[in-house]
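Reader: I've got a model open on my screen and I'd like to talk it through. Can we go over it piece by piece?

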Amino acid sequence: GSILFHAGISAGDNSGGDVILRAGDVLQTFGSAGGSVFVAAGAGQIGGRLEIGGGAGVDNLGGSIEMSSGSGGIDDTGSTCVASSGSSKTGDVSMRTGIGVGSFSGILRLGSGDALRSAGNVCLVTGTTSKNDSGDVIVSSGSTEGRPAPG
């Protein structure tokens with residue numbers, strides 16, 4: 001069966017209700033960790049899909065999606081990883097902006113954060129292989145009205 005968490009529909013207010021799912025905090029024990037939140041689709045001959053999407057903006061701006069690691073009070077922050085799972089042939093990982101139906105598509109930014117001492121690197125690397133060739137790193141711009149991008 002299915003489980004639905006729904007905050008309801010707002011007819012006279014400026015915003016719909018929120019759904020908040022949060023694990024527990026630990027405040028007193030040194031070295032202890034707060035609770036984790038696990039969200040996973042079901043297993044089967046074909047595994048279930050996990051979709052996360054911002055809300056549609058009927059007349060205006062659509063909702064955003066934010067993923068960030070937790071802050072560390074005096075220590076390092078957590079890492080953020082987006083990866084496909086390991087198998088005989090792994091799935092692709094794609095990041096792109098949507099199609100600009102009206103005029104413009106969004107900007108895709110890859111960068112490291114600012115720092116007082118040393119900012120992090122931006123690395124584009126392919127995987128290694130013991131057979132055949134490893135992948136290429138390809139950087140190219142788009143085309144304009146059918147003209148190919150400059151080399």
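Reader: Leaving aside its neighbours within four places in sequence, which residues is Leu 124 in contact with?

Author: Keep in mind that this is a predicted model. Leu 124 has a relative accessible area of 53%, and because the cut-off for exposed is over 50%, Leu 124 counts as exposed. Even so, once the neighbours within four places are set aside, Leu 124 still touches Leu 110 and Val 137.

Reader: And what separates the C-alpha atoms of Leu 124 and Gly 78?

Author: Along the chain, Leu 124 and Gly 78 are 46 residues apart.

Reader: Is Gly 55 buried, partly exposed or exposed?

Author: The relative accessible area of Gly 55 is 48%. Buried would need under 20% and exposed over 50%, so Gly 55 comes out in between. That makes Gly 55 partly exposed.

Reader: How many salt bridges does a search of the whole structure find?

Author: One joins Asp 25 to Arg 22, with the closest N and O atoms 2.9 Å apart. Another brings together the side chains of Glu 51 and Arg 49, at 2.5 Å from N to O. Searching the whole structure gives a count of two.

Reader: What about Glu 51 and Arg 49: buried or exposed?

Author: These two meet in a salt bridge through their side chains. Glu 51 and Arg 49 are both exposed.

Reader: What is phi of Asn 132 near?

Author: Most residues other than glycine have a negative phi. Asn 132 has a positive value, and with a relative accessible area of 75% Asn 132 is exposed. Its phi is near 60°.

Reader: Zooming out, what radius of gyration does the protein chain have?

Author: A compact globule of 151 residues would have a value near 15 Å. Along its principal axes, the C-alpha trace spans about 55 × 50 × 50 Å. The radius of gyration of the protein chain is 21 Å.

Reader: How many helices and strands are there, and what percentage of the residues is buried?

Author: The protein chain has zero helices and zero strands. Among contacts between residues at least 6 apart in sequence, 0% join residues at least 24 apart. As for buried residues, their share of the 151 is 0%.

Reader: Last one: how far apart do the centres of the positive and negative side chains lie?

Author: The protein chain has 8 positive and 13 negative side chains. The centres of those two sets lie 8 Å apart.

Technical notes
Residues numbered from 1 in each chain as written. Predicted model: local features only at pLDDT ≥ 70, side-chain atom pairs only at ≥ 80, totals over all residues. Heavy atoms only, no water. Helix = DSSP H or I, 4+ residues; strand = E, 2+ residues; numbered from the N terminus. Rg over C-alpha atoms; globule rule 2.2 N^0.38 Å. Buried < 20%, exposed > 50% of the residue type's maximum accessible area, 1.4 Å probe, protein only. Contact = heavy atoms within 4.5 Å. Lys, Arg positive; Asp, Glu negative; His and termini not counted. Charge placed at Lys NZ, Arg CZ, Asp CG, Glu CD. Salt bridge = Lys/Arg side-chain N within 4 Å of Asp/Glu carboxyl O.
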